[in-house]
Amino acid sequence: HFFFASRAKELHGLNSLRCASSGTVDVKVPLNFWCGDRVKIKDVSTTEPVYEPATGRVLCELELCGSLEVNQAVQAAQSAYQAWSRMSGMERAHIMIEAARIIENRREDIAEIEVVNNGKSITEARMDVDSARLCIEYYAGVASTLAGQHIQLPGGSFAYTRREPLGVCVGIGAWNYPFQIAAWKSAPALACGNSMVFKPSPVTPVTAVMLAEIYAKAGTPEGLFNIVQGGQETGSLLCHHPDVAKVSFTGSVPTGKKIMEMCSKGVKQVTLELGGKSPLLIFEDSDLGNAVKGALMANFLSQGQVCSNGTRVFVQRQMLPEFLEEVVRRTKDIEIGDPLLESTRMGALVSRPHLDRVLGYVEQARKEGAKVLCGGEPFVPLDPKLRGGYYMTPCVLGDCTDDMTCVKEEIFGPVMSVLSFETEEEALLRANNSALGLAAGVFTSDVKRAHRVVEHLKAGSCFINNYNITPVEVPFGGFKMSGIGRENGQVTVEHYTQMKTVFVEMGDVDSLF
C-alpha cells in the first residue's frame, strides 16, 4: 500500500510523506479499519491533524470514531470471533505465522512509516517491527498448546478444566511504540481465540492500520482485528461497550485509573501497563563501560519516551566522578537529527507540546538546584526541512536529590537524573520510595549482591547488568501503580482466556433429599 512519489498523482486519497530512499513516501488513508477494509467515516464531525515529528508538517487529518463507528467495529469483531474461536490452535497458528512472514517481508516499509509518524530513529523502528513479528510468531506457537487439566475424583468420577477465549477484546495503545504495542496486544488475544478492536494513540495512528491489513491478508476472518481512531471519547465508548469482554491499555497512570473505573461497571477484565519512574542502581564494583552503556540505554531509547526507563540513576559515591565524566562524554556524542538517516541515534520527540513539557522539567530541575551537566536545550538541525521538528539535546542532571521534581515525576523524555548513595541498604530504601514499580536495574560484579538487591526491589521487571531488553518470551509489567497483568510470555494466556471447570459423575447422585 505504499508508493513512491512518482506514482503519487495516480492515487486518490494519499498524503505524501518523506522516505529515506526517494525523499517521499505515501501513506494510505483513511486510517479506520473494520469488516476487512479501511473505512471512510460518513458525515465526519471531528478530525484532528497528525504531524510528522521530524519536520512539524501535517501528514493528514484523522477521522475520529463516535458511537456508530465503535458499534460497527465491535459488531465486526463479534462476528469474526464466532468463526475464529471455533478453529483449532494449529489453524490459528498457521494464519499467524503467515502474518509474521508478511511483516518480515515488509519490514522496511513499516519501519519507515513508523519513523515518519513517531520520530524515533530508523534503527530503533526496525527493532520494533522485529519485536512485533517475533511476538506474533511466539504466540502462534502458544496457540496449539492451550489445554486444561484432568482431575480424578472418587468412584471413577472426574473433573476437567477448559481454557476458553473471552470474546471481543479491546486494545488501547500508546504513541511511543505504535506498531509493536498493537502486535503485543493482538498476538496473545488472537492466539487464544479472541477478536480485537484496537485504538491507537491519535498522535501515532498510522502503522496499526498496516497491521490490520496484514492480518487480513494472512487469512484471518473478516473483522477479527479492527482499528478505531479517536481520543478519550472513543476510548470511553469502547470501555463501556456491553459486547467488550476485556480491555488492555498501555499509557499513563491517570488514564489507566479511569479505564479501570469504567471497566468495573461491566466487570470487564483489564490489563494495565502504566507509567514508571524506575531506579537504576550502579555499585562501585560495576564494570564502568557497561554501567555507562546501561544508563544510556535506560534513559535515551526512543528519545527517552519509554515507560520502563531507569531515569533515577543511583551511583555509589566512590564511582560517581568517573561515571559522570564518561556518561556526559558519551551523551554529548549522541547523533541527533533526521530519524530516517542510518547515522542518527536520537530523532524527534513526538509532539511540540510534549517537547515543551520535557524542556520545562529541565528548567524546573535547574531552579530546584540540579546541575545541568549537558544538554536539555532545543536542537535545530542544519537541514532546513527539519527546522520545524521537535528536537532537543539529551540531558544529564547532576547533584539531584530525592525531593526534586525531576526525580519524583515521570518526565518521558531524554533526561537522566543522577543521584549518589553510600550503602546498599540506603539505595534500596530510596529506590523503592515511589508509588510506581514498573522496572528496576542493578549493575554490580558481585553475583550475590545482584540477586539480593533484585529480591528487594519493588518492580515487575528487573535487570541485572543490562537494561531495557524485552524478549517476547518473558513477561513484562509492573508492581504498585505501574499496572495490572502482564504483556508477553506464557502467563499472558491467563489474561486472554477464562477457565471453565466441568464435573463428570460416573455413578449415582448422592443426594440428601
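Two strands pair if DSSP finds at least two bridges between them. Strands (E, at least two residues) and helices (H or I, at least four) are DSSP runs, numbered from the N terminus. The model is predicted: local features need pLDDT of at least 70, side-chain atom pairs count only at pLDDT 80 or more, and totals for chains, interfaces and linings use all residues. Residues are numbered from 1 along each chain as its sequence is written, and side-chain values use heavy atoms, with hydrogens and water left out.

Three strands form an open sheet in the order 7-8-24, paired antiparallel. Strand 7 (150-152) and strand 24 (497-504) stand at the edges; each has a single partner strand, so one side of each lacks a neighbour in the sheet. On average, neighbouring strands here are turned by 20° against each other, direction ignored. For such angles, axes are lines fitted to C-alpha atoms, for helices over the stretch in contact, and angles run from 0 to 180 degrees between N-to-C directions. Strand 8 (residues 158-165) pairs with strand 24 in the antiparallel sense over 8 bridges. Arg162 has Lys500 of strand 24 as its bridge partner. Strands of a sheet pair through backbone hydrogen bonds, either parallel or antiparallel.

Next, the core. A nonpolar core is a set of buried Ala, Val, Leu, Ile, Met, Phe, Trp, Tyr and Cys residues joined through side-chain atoms within 4.5 Å. Buried means under 20% relative accessible area, exposed over 50%, and partly exposed in between (1.4 Å probe, protein chains only). The largest nonpolar core holds 72 residues; Ile103, Ile136, Met196, Phe198, Leu211, Phe225 and Ile227 touch the most other members. Helix 4 gives the largest share of this core, 10 residues. Take Met196. Beyond its neighbours within four places in sequence, its contacts (heavy atoms within 4.5 Å) include Cys169, Leu190, Phe225 and Tyr496.

Arg133 bridges to Glu137, with the closest N and O atoms 3.2 Å apart. Both residues lie in helix 4 (residues 122-143), 4 residues apart, about one turn of the helix. Arg133 counts as buried because its relative accessibility is 14%. Glu137, at 30%, counts as partly exposed.

Helix 10 (residues 320-332) repeats the theme: Arg329 and Glu326 both lie there, 3 residues apart, about one turn of the helix. Their side chains meet at 2.6 Å, N to O. Arg329 is partly exposed at 43% relative accessibility, and Glu326 is partly exposed at 21%.

Which parts of the chain does the pair Arg449 and Asp285 link? The salt bridge itself has its closest N and O atoms 3.4 Å apart. Arg449 sits in helix 14 (residues 447-456), and Asp285 in the loop between strand 14 (279-282) and helix 9 (288-300), 164 residues apart. Arg449 is buried at 15%; Asp285 is partly exposed at 28%. Asp285, Glu424, Arg449 and Arg452 are linked in a network of salt bridges. The model's count comes to 22 salt bridges.

Last, the cysteines. How many disulfides (cysteine sulfur atoms within 2.5 Å) does the model hold? The count is 0. The sulfur of Cys239 lies 4.3 Å from the closest cysteine sulfur, in Cys263, too far for a bond. Cys239 is buried at 0% relative accessible area, and Cys263 is buried at 1%.

Terms used:
A salt bridge is a side-chain nitrogen of Lys or Arg within 4 Å of a carboxyl oxygen of Asp or Glu. A disulfide is a pair of cysteine sulfur atoms within 2.5 Å.
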